[in-house]
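Colleague: I have a chain open in the viewer. Walk me through how to read it, one feature at a time.

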Amino acid sequence: MECKYCAQVVHIFNELNDEELKVISDLTKECFYKKGDIILNEGDILEQIYIIHSGKIKIYKINSDGKEQILYILKDGDTFGENSIFKEQKSTFYAEAMENVSMCILSKNDFVKIISKNPAIAFKIMNYLNERIKSLELLLKDLTTEDVKKRLMSIIYRLAKKDGMKDINGIKLRLYLSREDLANLAGTTRETVSRKLRELEHEGIIEFLSNREILIKDIDDFNEI
């Protein structure tokens with residue numbers, strides 16, 4: 001798959017014409033990572049913009065107990081590293097491939113040149129970073145809630161809004177996150193996540209269609225959390 005695909009699917013470039021997209025494509029370098037590969041370590045100098053071709057990446061920190069706290073999940077069409085264009089800085093997080101990942105990498109200097117010719121991109125980046133901040137604020141709100149079930153329901157709700165598929169019986173959601181990943185998002189243990197998911201199914205709020213797919217019968221149940 002050509003790197004032109006990267007430029008086409010990323011929302012910050014979606015108003016550029018074919019010639020402008022080609023310029024970006026010519027500047028990018030394609031990279032591949034296997035599941036479990038660390039793409040960025042906390043403390044690494046941010047010198048590149050990462051554009052995800054395919055696959056999923058988890059962005060996380062290690063808390064004081066040495067446990068992983070997932071901040072958000074990125075997938076094809078998402079980017080990270082953009083904040084480095086405004087100020088030279090080190091990464092404040094880890095980025096790890098959750099599955100095999102292909103991506104395009106654009107140097108900070110090249111990206112700045114692109115923005116200088118297309119100032120609207122800078123505004124899109126700011127909006128994109130603002131959405132990330134909102135996501136982190138929701139996560140912080142969830143983590144300060146003592147009720148683990150509510151934290152888990154909030155995560156499922158956000159996943160459903162982003163990736164759910166409407167069905168005559170509700171919303172189908174493929175859980176690409178493992179129980180361990182859900183636990184690291186919710187700030188709890190894998191065993192607790194499994195138990196709370198069974199409780200939600202017993203209460204008729206969700207139904208497991210397979211080990212990795214659930215049916216959310218009434219999304220309004222999640223709006224009330």
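Predicted model: local features only at pLDDT ≥ 70, side-chain atom pairs only at ≥ 80, totals over all residues.

Colleague: How should I read a sheet? What is the strand order in the open sheet of four strands?

Modeller: General idea first. Strands of a sheet pair through backbone hydrogen bonds, either parallel or antiparallel. Here the order is β1-β8-β3-β6, and the pairing is antiparallel. The edges are β1 (29-33) and β6 (79-80), each pairing on one side only.

Colleague: How many bridges join β3 to β6?

Modeller: Two, with β3 spanning residues 48-54. In one of them, Y50 has F80 of β6 as its bridge partner.

Colleague: Which helix lies across β3 and β8?

Modeller: Helix α3, residues 108-117. α3 runs at about 70 degrees to β8 (101-107).

Colleague: Next, helices. Is α6 mostly covered or mostly open?

Modeller: An α-helix has 3.6 residues a turn, so residues three or four places apart point the same way. Now the case: α6 (residues 179-186) is mostly covered, with seven of its eight residues buried. Among them are R179, D181 and N184, along with L182 and L185. G187 follows α6 and has a positive phi, near 70 degrees.

Colleague: Why does I73 count as buried?

Modeller: Buried means under 20% relative accessible area. I73 counts as buried because its relative accessibility is 9%. I73 sits in strand β5, residues 68-74.

Colleague: What is I73 in contact with, leaving aside neighbours within four places in sequence?

Modeller: The list includes K56, I57, K58, M98 and Y176. M98 is 25 residues from I73 along the chain, yet their C-alpha atoms are separated by 9.1 Å.

Colleague: Last, the surface. Which residues form a nonpolar patch there?

Modeller: F86, F123 and M126, with about 340 Å² of accessible area together. M126 belongs to helix α4, residues 120-143.

Colleague: Why is M126 classed as partly exposed?

Modeller: Partly exposed covers the range between the buried limit of 20% and the exposed limit of 50%. M126 has 43% relative accessibility, so it counts as partly exposed.

Technical notes. Residues numbered from 1 in each chain as written. Heavy atoms only, no water. Patch = residues over 30% accessible without salt bridge, like charges linked within 9 Å, V, L, I, M, F, W, Y side chains within 5 Å. Areas by Shrake-Rupley, 256 points an atom, 1.4 Å probe, with all protein chains shown as cover. Salt bridge = Lys/Arg side-chain N within 4 Å of Asp/Glu carboxyl O. Buried < 20%, exposed > 50% of the residue type's maximum accessible area, 1.4 Å probe, protein only. Pairing = 2+ DSSP bridges. Contact = heavy atoms within 4.5 Å. Axes fitted to C-alpha atoms, helices over the stretch in contact; angles between N-to-C directions.
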